[in-house]
Structures are given as structure tokens and as C-alpha cells.
Amino acid sequence: MKLDKDTVLRVFERLRSLKILVVGDVILDRYVFGKVERISPEAPVPVVEVEREEFRLGGAGNVASNLSALGVKTYLVGITGEDYGMHMIKGLLRERDIQDLTVRDSSRPTTEKVRVISMSQQLIRIDRENTRTVQGENLRKILDRLEVYVDGIIISDYAKGVVCKEVIEKVKSTGKFYSVDPRPQNVHLYQGAHLMTPNEKEARQMFKAQTLEDLGWGLKRELSLQALAITLGPKGIALFENRLSLYPARARQVYDVTGAGDTVIAVLTACRVAGFDWDISCELANVCAGIVVGKLGTASPSIEEVIDYVEEGERV
């Protein structure tokens, strides 16, 4: 099907009544923009003269940001350190009207990815993180925060220590629709999910198969998933539910694919929890992802951008 403006407006109207909780690895994305005009005399590396910096929500924070941008009442459960990164994340959550249910852990840093960019090219990425599994009192706090009343739950696993057996069991015990953005090393945790949204590379790391069709049905069967949506980059989304459905991508220009998977799981989950069918859900997810990949770094589509995107498509 092809989305039209009336359908999109109907979807957004219903999304405003939803409450969705995101649990997973919260990341602070820091972008350092500058110009390069010389090579360092100390080593054969470029010298970046910093012009500006930007801070954005990454990881589970980006999933939450996408939901909030679509009008969903959004809650975020994760872990931060007790450092400047924590303060930056809390400020960004307030700006985006996301309910902050994060837990502070003074023994670990806030997970941060610093990207140094010049002339639209990423020169280097610097990661600050501690990926040990959350345990003890901090795990108990996370489990307690999962008791907030919501309509659906998204598990955003970046393998930084939050998503573990206890968290999955707690999510399952709520009886709510839940989806998983997976990491292959934690595949054993995702048994029985209502929806899982790996990209093709992740799916192939979790299940060995020659064809896309064998991959999808094999992985769905192996994990007893109700639905599996494999994101295929410029090819769109392959949905395995009762049948295989392919939804072509809607990107006009690909600038940066960072965070596109976060957008897809946010839109698919919100639409399904709101009661929309898979056709509408996947088409809207493709539109939103198409907007996001046209931006640099982690980003969220606005409602206005989605409507403009769909209206422009109607005129073509």
C-alpha cells in the first residue's frame, strides 16, 4: 500500500494516546565538527580546528527520542554514570519530554561515543564505556522502574550491560507487547519476543542460512518469535509473520545510516501497539527511516517532515 496524508494523520492521532517504555543501553552521542587545514608536526594525522559540538541521545535514548517525536508518551529506563555525560543526557531527556527513569552508577562512566567530523567525513570515533552486566542494587532499581504502567515496551540492546536475563523476564511478566532491537551475542535472551528487528548482518550472525527467506523463517522459528522484521538498508524491510512481505525503502538521499534501526523499531512498535496493521506500520517505518538517513548522525523525524514526505510522494 502507499501511505497518504489522511492515513498518516490518523496514525499520529492514535499515537498521542500511547505510553511506551524503552529499556536498554543509553548512549550519549557527541559530535565534534571542525575544519582540517594542516597535518600535525607530532604525527602524520590531521589537526582538527573545532568549530562546534553537538550532543544527542544515542542507543536506547535515540529510540525514546524517535517515539517522543511521534507524539508517544515515552519512558526511558537505562543506566548512566555520575558525570557530565549523565547531566547532558538528563538535559536532553527534558528537552524531548521523555520521562527519565535512568539509574545512576558511580562505578561506571556514562556510555559516550565521540565522533570527530570534518567536511562531512567522520575522521575518528572515541568510545567511553563499561560493558559489564548491571548487577546488585542497580539491577534491582532497573527492575523496579519496569513496573511503570505502559501500553508496550521496547528493549534496545547495544550490549553495554543493561539487557540481561532478569530484565527480559521482568518485561515478559508485564504481559505487554514487547519488541527487541538485538545484538547477536545476546541472542539467547530473545526467545518468544513479539517482534525483533535485526539488520541483515545481525540476523546472519544469529542464524546461518543461504537465502534471505531461509534466514528469516529459520531465525523466527529458532527464537519462537511472533514477528521478525529484518532491515535491509537501501532495500527496505523484510517482514516475516504469517508470510514474507517486502517493503521497499523510501529514502530519497542517504547521508548517514546511523540510528535508522532505532527509528524502525520505534515506529513499528508504536504502530502495532496502537492497533495498525503491518502494511501501515512498515510503510510508515520506511518513510521515517528515509527521513532519518538524510540527516547526519542520530536523529528523529518530526511529524511535519513525515507529512511533507508523504505529500511529496503523492505528487510524484
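Me: Before we start, what should I keep in mind about numbering and confidence?

Reply: This is a predicted model, where local features need pLDDT of at least 70, side-chain atom pairs count only at pLDDT 80 or more, and totals for chains, interfaces and linings use all residues. Residues are numbered from 1 along each chain as its sequence is written, and side-chain values use heavy atoms, with hydrogens and water left out.

Me: Which strands form the open sheet, and in what order?

Reply: Strands are DSSP runs of E with at least two residues, helices are runs of H or I with at least four, and both are numbered from the N terminus. Two strands pair if DSSP finds at least two bridges between them. Here, four strands make an open sheet with mixed pairing, ordered β3-β2-β8-β9. β3 and β9 are the edge strands, each pairing on one side only.

Me: How does β2 run against β3, and how against β8?

Reply: β2 (residues 26-39) and β3 (residues 46-59) run antiparallel, joined by 13 bridges. They form a hairpin with six residues between them, and Ile39 has Pro46 as its bridge partner in β3. With β8 (residues 112-118), β2 runs parallel through six bridges. Asp29 is bridged to Lys113 in β8, and Phe33 stands opposite Ile117 in that strand.

Me: How do I read a salt bridge, and how many are there?

Reply: Side chains of opposite charge can pair when their charged atoms come close. The rule asks for a side-chain nitrogen of Lys or Arg within 4 Å of a carboxyl oxygen of Asp or Glu. By this rule the count is 20. Take Glu112 and Arg128, whose closest N and O atoms are 2.4 Å apart. That pair links distant parts of the chain, with Glu112 in β8 and Arg128 in β9, 16 residues apart. Both also belong to a salt-bridge network with Arg30 and Glu53.

Me: Are Glu112 and Arg128 buried or partly exposed?

Reply: Buried means under 20% relative accessible area, exposed means over 50%, and partly exposed is in between (1.4 Å probe, protein chains only). Glu112 counts as buried because its relative accessibility is 2%. Arg128, at 41%, is partly exposed.

Me: What about a salt bridge inside a helix?

Reply: Look at Glu137 and Arg140, which meet at 2.5 Å, N to O. They sit three residues apart in helix α4 (residues 136-145), so about one helical turn separates them.

Me: Why does helix α2 count as largely enclosed?

Reply: Nine of the ten residues of α2 (residues 60-69) are buried, so the rest of the structure largely encloses this helix. Among them are Asn62, Val63 and Leu67.

Me: How many disulfides are there?

Reply: A disulfide is a covalent bond between the sulfur atoms of two cysteines. The cut-off is a pair of cysteine sulfur atoms within 2.5 Å, and the count comes to zero. Cys271 has its closest cysteine sulfur in Cys288 at 7.8 Å, so that is too far for a bond.

Me: Which residues form the nonpolar surface patch?

Reply: Patches take residues with over 30% relative accessible area and no salt bridge, joining like charges within 9 Å and nonpolar side chains (Val, Leu, Ile, Met, Phe, Trp, Tyr) within 5 Å. Areas come from the Shrake-Rupley method with a 1.4 Å probe; for residues, only the protein chains shown count as cover. The patch is Val36, Leu123, Ile124 and Ile126, with about 310 Å² of accessible area together. β9 (residues 121-128) gives the most, three residues, while Val36 lies in β2.
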